[in-house]
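I opened the model today to look up a few contacts, helices and charged pairs, and I keep my notes here in the order in which I went through them.

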Amino acid sequence: GSAVALATDLCAFSIGSDTGGSVRQPAALCGLFGYKATAGRWPMDGIFPLSHTLDSVGWFTKTAADSATVFGALSGEPCPKRAPLRGLRLGVPRERFFDDLASEVAAHVDDALHRLAEAGAELVPFELSEVTGTEAAFAKLVPAELLAELGVERFHANASLIDAVPSARLSQVLGLQANEYIGILRAHYAAVRTATERMADLDAWVAPTVPVLPIAVAACATLEAAVAWNQRSTRNTQPVNYLGQCAVSMPLHGPHTHLPVGLQIACAPGEDGRLLSIALAIEDVIGSGRRPPATARLLSG
């Protein structure tokens, strides 16, 4: 809703929460700039918790420049300034994050990376083996923490009113043992530490935000189809939350498709201002926003 409101010019920016990609994914699918903060960077007052461990605040804007303005206004700090692009070291984790991409997504992202390299950024092969715990966290940690907020009795009393997708996820953790929950938490905190150390010689890492193009709502008519779409479309965003990092999704446009494609930029925990400075530099190279398809321009004219 927040992404669509901005995409249809109902507001100048909009705010959302991001636990596994709920800002970056819709930003990518709507051709917007989406910023997901480091968890704890902004207060969560007034936001219903999904997972107090992984929840974070974020917002949607049309451009990185707009996002930097919002950041400055809300934080009371100076607005982030454009970082020098030449010499920036950007990690490129080809394994997992670049697997099984839609051809149009791959073409858009490859074009963007080529342009960044030509402009002086250094693209560094990069591994993020710490993301192996992401699946367990989102299959068990997130629904367990939501169930704790709702209460088991409340969940059972209202099960028929809950959407089938979250209902199925909540049902799977009704018997989760405390030792398993604590084990997942410990693995998460260990992954945050080691991934942060691994990024010590990098400014950020980059990957496609969503590996596929937007699809019609009718394609998710069954529970199985909806779960499969959710798992695939958040494959590249969930690891950022699991590793405690901050990230943005930047819109890409070009000749490969008229549908939206996003480029994800991620920085170490707490580097939110630096992240937006890097995004400003990248925006100067790849452009901001999406050009509407010719048919839309004709209809609006």
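**Entry 1: Leu-113 and its surroundings**

I looked up what Leu-113 touches and, not counting residues up to four places away in sequence, found Val-92, Arg-94, Phe-98, Leu-123 and Val-206. I note here that this is a predicted model. Leu-113 lies in helix H5, residues 103-118, and it counts as buried because its relative accessibility is 4%, where the cut-off for buried is under 20%. I also took the C-alpha separation between Leu-113 and Ser-277, which is 18 Å for a pair 164 residues apart along the chain.

**Entry 2: Salt bridges**

By the rule used here I have a count of 12 salt bridges, and I went through several of them. Arg-94, one of the residues that Leu-113 touches, forms a salt bridge with Asp-110, at 3.8 Å from N to O. This pair links distant parts of the chain, since Arg-94 is in helix H4 and Asp-110 in helix H5, 16 residues apart. Both partners are partly exposed, Arg-94 with a relative accessible area of 44% and Asp-110 at 36%.

Next I looked at Glu-135 and Arg-96, a salt bridge in which the closest N and O atoms are 3.0 Å apart. Glu-135 lies in helix H6 and Arg-96 in helix H4, so the pair ties together parts that are 39 residues apart in sequence. Arg-96 is buried, with a relative accessible area of 19%, whereas Glu-135 counts as partly exposed at 44%.

I then turned to Asp-203 and Arg-274, whose closest N and O atoms are 2.9 Å apart in a salt bridge. Here Asp-203 sits in the loop between H9 and strand S6 (204-208) and Arg-274 in helix H12, 71 residues apart. I also noted a network of salt bridges that links Arg-89, Glu-122 and Asp-201.

**Entry 3: Helix H6**

Where does H6 bend, and by how much? I find a bend of about 25 degrees at Leu-141, with a proline, Pro-143, following within four residues. H6 runs over residues 134-150, and its 17 residues reach 23 Å from the first C-alpha to the last, close to the 24 Å expected at 1.5 Å a residue. Its buried residues include Phe-138, Leu-141, Pro-143 and Leu-147, and among the elements that cover the buried residues of H6 are helix H4 (94-97), helix H8 (164-171) and helix H9 (178-198). After H6 comes Gly-151, whose phi is positive, near 90 degrees.

The buried residues of H3, among them Val-70 and Phe-71, pack against strand S2 (33-36), strand S3 (56-61) and helix H12 (272-286).

Arg-24, in helix H2 (residues 24-30), is buried, with a relative accessible area of 0%. Leaving aside its neighbours within four places in sequence, I list among its contacts Asp-18, Lys-36, Thr-209, Asn-241 and Gln-264.

Ile-15, found in strand S1 (residues 14-18), is partly exposed, with a relative accessible area of 44%.

Technical notes: Residues are numbered from 1 along each chain as its sequence is written. This is a predicted model: local features need pLDDT of at least 70, side-chain atom pairs count only at pLDDT 80 or more; totals for chains, interfaces and linings use all residues. Side-chain values use heavy atoms; hydrogens and water are left out. Helices (H or I, at least four residues) and strands (E, at least two) are DSSP runs, numbered from the N terminus. Buried means under 20% relative accessible area, exposed over 50%, partly exposed in between (1.4 Å probe, protein chains only). The expected span of a helix is 1.5 Å times one less than its number of residues. The bend at a residue is the angle between axes fitted to the seven residues ending there and the seven starting there. Contact means heavy atoms within 4.5 Å. A salt bridge is a side-chain nitrogen of Lys or Arg within 4 Å of a carboxyl oxygen of Asp or Glu.
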